[in-house]
Amino acid sequence: MPAARPHIEPRLVPTADSVVVKEIYLSVQGESSHAGLLCAFVRLTGCHLRCTYCDSEFAFHGGKRMKNADIISEVKALNTPNVEVTGGEPLLQPGVYPLMEGLLSAGLEVLLETSGAIDVRLVPPAVHKIVDMKTPSSGEHTRNDYRNFTSMNASDELKFVIGSREDYDWSKALITEHRLLDKPYGILFSTVFDKLHPRQLAEWVIEDRLPVRFQLQMHKYLWEPNARGV
């Protein structure tokens, strides 16, 4: 029987009242079951992965350190009930945990976009977690933290970004091996933009009667694919 995981309380970290922020902006949510909703985005700086298809390399460095209270005030000024914390990899910064708690306390619907390479067990349960499992074409699939499969709840979603038939078959096998269709959270399939045609992925899903949510990165069709702040 595996040893019990130690409980870690992120609010006890003395310096966890701030994070390094790359950008804060208002847009339409482009992915997940929240797609199409007006949403504020808080993009944090830094990532420990280097995925081949990364579309946010600009967030690896730079940004400015901000107090969580100031971030929450700026988000509230954008006048939308929805906010997503993203990156980079936001869970690398200890201050993100109290930041999410503060956003929840402000009455906001909080989403988290995270890489799948860090266990989400410390994330406040009320946060809607979107966990991105890295497929083989990312070059980082060996970094996935499979503890996430038991750390997620019914309000969360597990995302697979598919760039090839190999990615699709790998994802299906993982779903079967870990019985992910029996889990309470949703499963999302989307394509690597401009690498695999969405119609091809949709046809594979239909052919296999795979009960996942097919999705597009809506923002990349509304605006120029590399546009920032959208």
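Predicted model: local features only at pLDDT ≥ 70, side-chain atom pairs only at ≥ 80, totals over all residues.
**Entry 1**

I began with the strand order. The model has an open sheet of 9 strands, ordered E3-E1-E2-E4-E5-E6-E7-E8-E9, with mixed pairing. I then looked up the edges, which are strand E3 (64-67) and strand E9 (213-214), each pairing on one side only. At the E9 end, strand E8 (residues 186-191) runs parallel to E9 and is joined to E9 by 2 bridges. Across that pairing I found Leu188 opposite Arg213 in E9. I also checked what packs on the sheet here. Helix H4 (residues 165-177) does, touching strand E6 (128-133), strand E7 (157-162) and E8. The direction of H4 makes about 155° with that of E7.

**Entry 2: strand E4**

How many residues of strand E4 are buried? I counted 5 of the 5 in E4 (residues 82-86), so the strand is largely enclosed by the rest of the structure. Side chains in a regular strand alternate between the two faces of the sheet. I therefore looked at each face of E4 in turn, with burial meaning under 20% relative accessible area. Asn82, Glu84 and Thr86 lie on one side, Val83 and Val85 on the other, and all are buried.

Next I took the neighbours of E4. Strand E2 (residues 38-44) pairs with E4 in the parallel sense over 4 bridges, and Arg43 stands opposite Thr86 in E4. Strand E5 (residues 109-114) also runs parallel to E4, joined by 4 bridges. In that pairing Glu84 stands opposite Leu111 in E5. I traced the chain from E4 through helix H2 (residues 96-105) to E5 and noted a right-handed β-α-β crossover.

**Entry 3: Glu109**

I picked out Glu109, which belongs to strand E5. Is Glu109 buried or partly exposed? Its relative accessibility is 37%, so I list Glu109 as partly exposed. Leaving aside neighbours within four places in sequence, I found Glu109 in contact with His34, Pro81, Asn82 and Val83. Of these contacts I followed up Asn82. The C-alpha atoms of Glu109 and Asn82 are separated by 4.8 Å, with the two residues 27 apart along the chain.

**Entry 4: strand E6**

I repeated the burial check on E6, where 6 of its 6 residues are buried. His128, Ile130 and Asp132 point one way from E6, and Lys129, Val131 and Met133 point the other way. For pairing, I noted that E5 and E6 are parallel over 4 bridges, with Ile130 in E6 as the bridge partner of Glu113. E6 and E7 are likewise parallel over 4 bridges, and Leu158 in E7 is the bridge partner of Val131.

**Entry 5: helix H5**

Which residues of helix H5 (residues 198-207) are buried? I listed Pro198, Leu201, Ala202, Trp204 and Val205. They cover an arc of only 160° around the axis, which puts them on the same side of H5. In an α-helix there are 3.6 residues a turn, so residues three or four places apart point the same way. On the other side of H5 I found Arg199, Ile206 and Glu207 exposed. Just after H5, I noted a positive phi of about 50° at Arg209.

**Entry 6: aromatic rings**

I found 5 aromatic pairs in the structure. The pair of Tyr146 and Phe149 is stacked, at 5.2 Å centre to centre and 15° between the planes. I looked up the accessibility of both partners. Tyr146 is partly exposed at 34% relative accessibility, whereas Phe149 is buried with a relative accessible area of 5%.

How far apart are the ring centres of Tyr168 and Phe189? I read 6.0 Å, with the planes at 90°, so this pair is edge-to-face. Tyr168 sits in helix H4 and Phe189 in strand E8, 21 residues apart, and the pair links distant parts of the chain. Both Tyr168 and Phe189 are buried. Trp204 is one of the buried residues of H5 noted in the previous entry.

Methods
Residues numbered from 1 in each chain as written. Heavy atoms only, no water. Pairing = 2+ DSSP bridges. Contact = heavy atoms within 4.5 Å. Axes fitted to C-alpha atoms, helices over the stretch in contact; angles between N-to-C directions. Buried < 20%, exposed > 50% of the residue type's maximum accessible area, 1.4 Å probe, protein only. Right-handed = clockwise from strand over helix to strand, strands pointing away. Arc of directions from axis to C-beta. Phe/Tyr/Trp six-rings, centres within 6.5 Å; stacked < 30°, edge-to-face > 60°.
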